[in-house]
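Please look over the sequence and the structure shown here. The briefing that follows takes up strand pairing, then the sheet as a whole, and then the helices.

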Amino acid sequence: MNPSEPRHTALKPDARLDAYFSGEDERRRVTRELFDQAAAGYDEAERITGFGTGPRYRREVLQRNGLGAGMHLLDVAAGTGLVTVAAVELVGPQGRVLALDPSPGMLAELRRKVDVETIEGYAEAIPLPDAHVDFISMGYALRHVGDLDRAFAEYLRVLRPGGRVCLMEISRPRNRFGQWLLAAYLGHVVPLLSRLGRSRADVGRLWAYYGDTVAAAVDPALVLAALRQAGFEDVHCTVTFGIFREYLGRKADRVS
């Protein structure tokens with residue numbers, strides 16, 4: 001990347017975020033603690049958030065965007081393995097799935113449900129060799145990346161020629177009522193239902209943070225620009241129900 005070019009961040013300056021952190025180091029510490037504390041109840045809260053449709057949707061997204069049998073995949077910000085599980089099913093016994101996440105609590109939950117190699121780390125510094133995987137997935141965690149340019153440069157580096165990236169994300173509804181409704185649902189309804197259900201973990205603050213980061217997320221056009229700037233081709237975005245986005249790109253094939 002040219003040092004003179006502007007760098008892309010996943011979140012815009014927003015007063016709501018001041019309640020959580022005041023800098024990158026503090027952001028990493030605070031968010032890791034939030035995820036660790038919520039890990040045991042995360043899957044239950046996610047099931048409520050997605051009305052139980054999440055597993056089918058994640059599998060369909062991966063399959064529709066090219067993940068298939070025998071491929072090697074890196075799931076970035078894997079969390080409790082919701083995308084990882086779908087990927088394991090699709091690549092089959094001849095494939096390989098790696099799961100990267102900075103939260104040891106989330107990775108511990110992931111290992112309870114699926115047997116894959118786990119790596120504790122961040123998207124901006126992936127401890128893997130160049131040209132190591134065929135596909136990179138990221139499920140609803142783009143907002144938690146501190147530096148999109150470094151992360152996307154790492155994605156391009158670890159992908160093999162022709163490899164693909166698929167980033168699932170939630171974006172702001174266009175109208176104010178939709179924005180208010182989504183924030184209320186994530187920040188209040190989901191935590192309440194989680195407490196009434198089987199979950200005893202502290203998911204309330206994490207889901208409130210989710211709502212605030214959705215509101216503070218940069219515009220989709222800037223994410224697409226950062227992917228192109230990193231060197232990805234065929235960069236585009238699809239939208240479902242007005243809020244569920246898939247940011248997609250491909251690493252160029254090897255030059256003959």
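Glycine 139 stands opposite methionine 168 in β5, where strands, like helices, are DSSP runs numbered from the N terminus (E, at least two residues, for strands; H or I, at least four, for helices). The model is a predicted one, in which local features need pLDDT of at least 70 and side-chain atom pairs count only at pLDDT 80 or more, while totals for chains, interfaces and linings use all residues. Residues are numbered from 1 along each chain as its sequence is written, and side-chain values use heavy atoms, with hydrogens and water left out.

**Strand pairing**

- Strand β4 (residues 133-139) and strand β5 (residues 159-170) run parallel and are joined by six bridges, two strands being counted as paired if DSSP finds at least two bridges between them.
- Phenylalanine 135 stands opposite arginine 164 in β5.
- Over seven bridges, β5 also pairs with strand β7 (residues 244-250), in the antiparallel sense, and there isoleucine 170 has phenylalanine 244 of β7 as its bridge partner.

**The sheet**

- The order β3-β2-β1-β4-β5-β7-β6 describes an open sheet of seven strands with mixed pairing.
- At the edges stand β3 (117-120) and β6 (233-240), each of which has a single partner strand, so one side of each is left without a neighbour in the sheet.
- On average, neighbouring strands of this sheet are turned by 15° against each other, direction ignored.

**Helices and the sheet**

- Together, β4, α5 and β5 make a right-handed β-α-β unit, a crossover being right-handed if, with the strands pointing away from the viewer, the path from the first strand over the helix to the second runs clockwise.
- Helix α3 (residues 82-91) lies across β1 (72-76), β2 (96-101), β4 and β5, running at about 170° to β2, with angles taken from 0 to 180 degrees between N-to-C directions and axes fitted to C-alpha atoms, for helices over the stretch in contact.
- Helix α8 lies across β5, β6 and β7 and runs at about 15° to β7.

**The pair α5 and α8**

- Helix α5 (residues 148-158) packs with helix α8 (residues 220-230) at an angle of about 50°, their axes being 9 Å apart.
- Leu148, Asp149, Phe152, Ala153 and Leu156 in α5 meet Val223, Ala226, Leu227, Gln229 and Ala230 in α8, contact meaning heavy atoms within 4.5 Å.
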